[in-house]
Amino acid sequence: MTTSTSSSVAERIDDLLAKHDILLFMKGVPAAPQCGFSQAVVQIMGQLGVRYAAVNVLADDDIREGIKAHANWPTIPQLYVKGEFIGGCDIVRELFASGELRQLIADQGLG
């Protein structure tokens with residue numbers, strides 16, 4: 001039973017990543033982040049001015065735990081571009097400060 005649950009969560013995550021070019025798994029929603037780290041990434045995305053989708057992990061415990069396993073990354077938020085895990089808050093901040101995040105998004109034709 002656990003295996004089928006795990007695989008269905010993994011499939012849901014894969015489906016989400018396939019549907020959205022830029023996807024942020026976060027606590028809360030962009031209009032009302034529920035933690036400072038999620039808020040920081042939302043602010044960065046706003047400064048970049050790119051469209052992105054967000055998944056509120058607080059609304060779905062399966063996704064909240066499943067995304068940590070998916071990326072082998074223990075914390076939320078998690079930012080993905082074209083299905084590739086970019087990083088959590090600290091990495092996103094560093095990439096934004098260096099200009100690498102804007103370039104990565106532009107290189108994917110999304111900026």
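Q: Which residues of helix 3 are buried in this predicted model?
A: Let's start with helix 3, which covers residues 61–71. Buried here means under 20% relative accessible area. In helix 3 that label goes to Ile63, Gly66, Ile67 and Ala71.

Q: Within what arc do the buried residues of helix 3 fall, seen down its axis?
A: Look down the axis of helix 3 and its buried residues line one face of the helix. The face turned away from that buried side carries the exposed Asp61 and Ala69.

Q: How are helix 2 and helix 5 oriented to each other?
A: Helix 2 spans residues 36–48 and helix 5 spans residues 100–107, and their axes come within 11 Å. The axes cross at roughly 60°, and the crossing is right-handed. Angles from 65 to 115 degrees would count as roughly perpendicular and those under 35 as roughly parallel, so this pair is oblique.

Q: Which residues of helix 5 do Ile44, Gln47 and Leu48 meet?
A: On the helix 2 side, the contact is made by Ile44, Gln47 and Leu48. The residues of this contact split into four nonpolar, one polar and one charged. Their partners in helix 5 are Leu101, Arg102 and Ile105.

Q: Is Lys82 buried, partly exposed or exposed?
A: Lys82 sits in the loop between strand 5 (78–81) and strand 6 (84–87). Beyond its neighbours within four places in sequence, Lys82 is in contact with Asp21, Gln108 and Leu110. Its relative accessibility is 42%, so Lys82 counts as partly exposed.

Q: What separates the C-alpha atoms of Lys82 and Lys19?
A: Along the chain, Lys82 and Lys19 are 63 residues apart.

Note on methods
Residues numbered from 1 in each chain as written. Predicted model: local features only at pLDDT ≥ 70, side-chain atom pairs only at ≥ 80, totals over all residues. Heavy atoms only, no water. Helix = DSSP H or I, 4+ residues; strand = E, 2+ residues; numbered from the N terminus. Buried < 20%, exposed > 50% of the residue type's maximum accessible area, 1.4 Å probe, protein only. Contact = heavy atoms within 4.5 Å. Axes fitted to C-alpha atoms, helices over the stretch in contact; angles between N-to-C directions. Parallel < 35°, antiparallel > 145°, perpendicular 65-115°, else oblique. Left-handed = near helix turned anticlockwise from the far one by under 90°. Nonpolar A, V, L, I, M, F, W, Y, C, P; charged D, E, K, R; others polar. Arc of directions from axis to C-beta.
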